Amino acid sequence: MKYWAVALVMAVVALLPASCSSDDDAVLPEGAVPGWDGHAVTEGVVFNFKRKMVYTASGVNEIGSVKILLSDGEKDIQLPSLLLTGDAESVKSKGYSLPAGTYKIKGYTAYTPRHEYLFDAEFDDADEVDPSRPKNRFTVEENTVTEFVVPIKTRETMSMDFLRNSLLGLCREVFGDDESLWPWDPKKYPYPDWEGLEFETDDYGQPIFLSSLFFHGIKDGKETPWVKMTAIPEGTVSNIATLMSITVTDIPGFKQLPEDIHRINSLINVTCVNTGIEELPTSLWRCPELTGVFIIDGQLKTFPSDISSAHKLRYMNLAGNQLESFSPSLASMPDFESLTLSRNPLTSLGEEVFCEKNRLNELRLSETRLSTLPQSIARQASLRTIDLSKSQFTAVPDVIKSLAQLRTLWLDENKMTAVSAADFEGLKDLRQLSLDGNAIGSLPVLKNANLQWLSVANCSLERVPDFSSYAHLRVARLGGNRFATLPEECFAHNTEMRVLSLSGSDQLTSMPRNTGLKSKISDKKEGLKIVEVENCPNLSWTMPAEWKCYDFEGKTADDIEDLMNPDHLPDVEVDVTAKFGCVGVLKSGSPKVVYGK
């Protein structure tokens, strides 16, 4: 039997198309729609239910009407029973008058066309992919009718026989008729407990519908039968209408996603990691709900120029492929947030990739051959993170200077020989900056007052930078440079210091009597927590006794977040209640560094 369930999207329209009711033939004011009570609606909402074919174990009639519960933030609003009419693609309610404002749909009760009870559907913001933009909210504007597509998942148990047969059909297509070679062996393991299947379940833990497929070539360090799969054959998964995610990992011979992948209307994410995939099917971008594409450590050599149909795309990670250029337009994707092209032999990025309509937050281009950036990046007003490390830049790209909202900038291991304060002057909110591995010789006083994390290790610095203007500095990484000592009270103005790293400084011979760090020791979560002086063979330093130093071996500055929680501190020979008043020290390879007594 067939059951039509709803999917998720949202649209705002000024005038809706005529529905199937005879009332629709009446003359309506401009911008109005027929109302549930026979009156024209000029300001309110129409609920749309997108249909999706699913199979059930028992006969279930099609939804004929719903009773919807809303909230305006102050009170609940129970709407009357709304009849649904439409076609094979979707069914809609008639209009319901609501004053302008933002509403949340809390749930609904579904009935058959004979008004027989079917099921209750509830909504929970915690289930949203992005809680900051929940899909169960809509806004009614003045003198406008809003069409809201209800984001409900399938609520009826799908036929186990149908799914089981579809999955076994996939095995037969991939491995042939010899069932002993199949990863899913119905004689050994009961369905639906097969490896690699993920179901949405009801409140009792019973499977409602299949949501995700995982094909892992390696499990527990051993190869699985899937390692021999070269493709997902066309027609084998496209009939699983509830599928939201497909993941393929550690299958080097895997080269092809199904050409009919666009038929999976609910597909949200596609992930391929460590595969031999060389190109993506053009139909992929026609998946109406596609949000994320992650093709990592593959063999992509080309990328389609037209992906404009993927209107909901938000995340794309193509790290570790063979792309030399990248030029598709992202203009049709207003919610696009994150692009990763790291570890590709990229030499060029197209100007058309970036436009002001995007909400790009993160751009990662590390380990490429790029030496310039397109000027269109300046349009990305919401950009917060750029990673250009291990590339071919000889100077800080001019286009970056206009990104006032940028918070994190990685430029380590490029080919820069100098930087100036003007290179970063426009970055008013810059908080993390890494210039490691660039032979810049010196670091000027930067005008970025919000800087919290500064790394200038292995930069051929002849003297320690002036840190006095960085009141919020928490992490300073200075190792591998050429200075022999630090200035007196060099950190006196850095009241929020947490981590100081000098590791790898083979020319460092001494420390000043007063670094300015003494006052930073605190028995609270704030204060100096880590000092790294590993592999400093010439450094003679007796660390202050009042620091109550302990060996933090095996940890790094990346563990600083754990130090914010006393329950996560390493097990050391210090009274637990006093650990926040101590400093963890890494000093292996530095025989002349000792703890004060």
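Before I start, residues are numbered from 1 along each chain as its sequence is written, and side-chain values use heavy atoms, with hydrogens and water left out. Since the model is predicted, local features need pLDDT of at least 70 and side-chain atom pairs count only at pLDDT 80 or more, while totals for chains, interfaces and linings use all residues.

Let me begin with the whole protein. Its secondary structure comes to one helix and 39 strands, where helices (H or I, at least four residues) and strands (E, at least two) are DSSP runs numbered from the N terminus. Of the 597 residues, 51% are buried, and here buried means under 20% relative accessible area, exposed over 50%, and partly exposed in between, with a 1.4 Å probe and protein chains only. A contact means heavy atoms within 4.5 Å, and of the contacts with a separation of 6 or more, 53% are between residues 24 or more positions apart.

Now to the interior. A nonpolar core is a set of buried Ala, Val, Leu, Ile, Met, Phe, Trp, Tyr and Cys residues joined through side-chain atoms within 4.5 Å. The largest one has 119 residues, and the members that touch the most others are Phe-215, Trp-285, Met-316, Phe-326 and Leu-435. Among the elements that each supply at least two residues of this core are α1 (160-175), β18 (207-216) and β36 (541-543), and the largest share, seven residues, comes from α1. Apart from this core lies another, of 26 residues, including Ile-68, Leu-79, Tyr-96 and Phe-123.

Next, the aromatic rings. Rings of Phe, Tyr and Trp (its six-membered ring) pair if their centres lie within 6.5 Å, and planes under 30 degrees apart count as stacked, over 60 as edge-to-face and the rest as tilted. By this rule there are 18 aromatic pairs. Phe-47 and Phe-148 are both buried.

Trp-410 and Trp-453 make another edge-to-face pair, at 5.1 Å centre to centre and 85 degrees between the planes. This pair links strand β30 (residues 408-410), which holds Trp-410, with strand β32, which holds Trp-453, 43 residues apart.

Leaving aside neighbours within four places in sequence, Ser-434 is in contact with residues including Trp-410 and Trp-453, and Ser-434 is buried because its relative accessibility is 2%.

My last stop is Asn-438, found in the loop between β31 and β32 (453-455). Asn-438 is buried, at 0% relative accessibility, and its side chain reaches the backbone oxygen of Leu-411 at 2.9 Å. Not counting residues up to four places away in sequence, Asn-438 also touches Asn-458 and Cys-459, among others, and Cys-459 is itself buried at 0% relative accessibility.

Notes:
A polar contact is a pair of N or O atoms within 3.5 Å; within protein, one must be able to donate a hydrogen and the other to accept it, and residues adjacent in sequence count only if both atoms are side-chain atoms.
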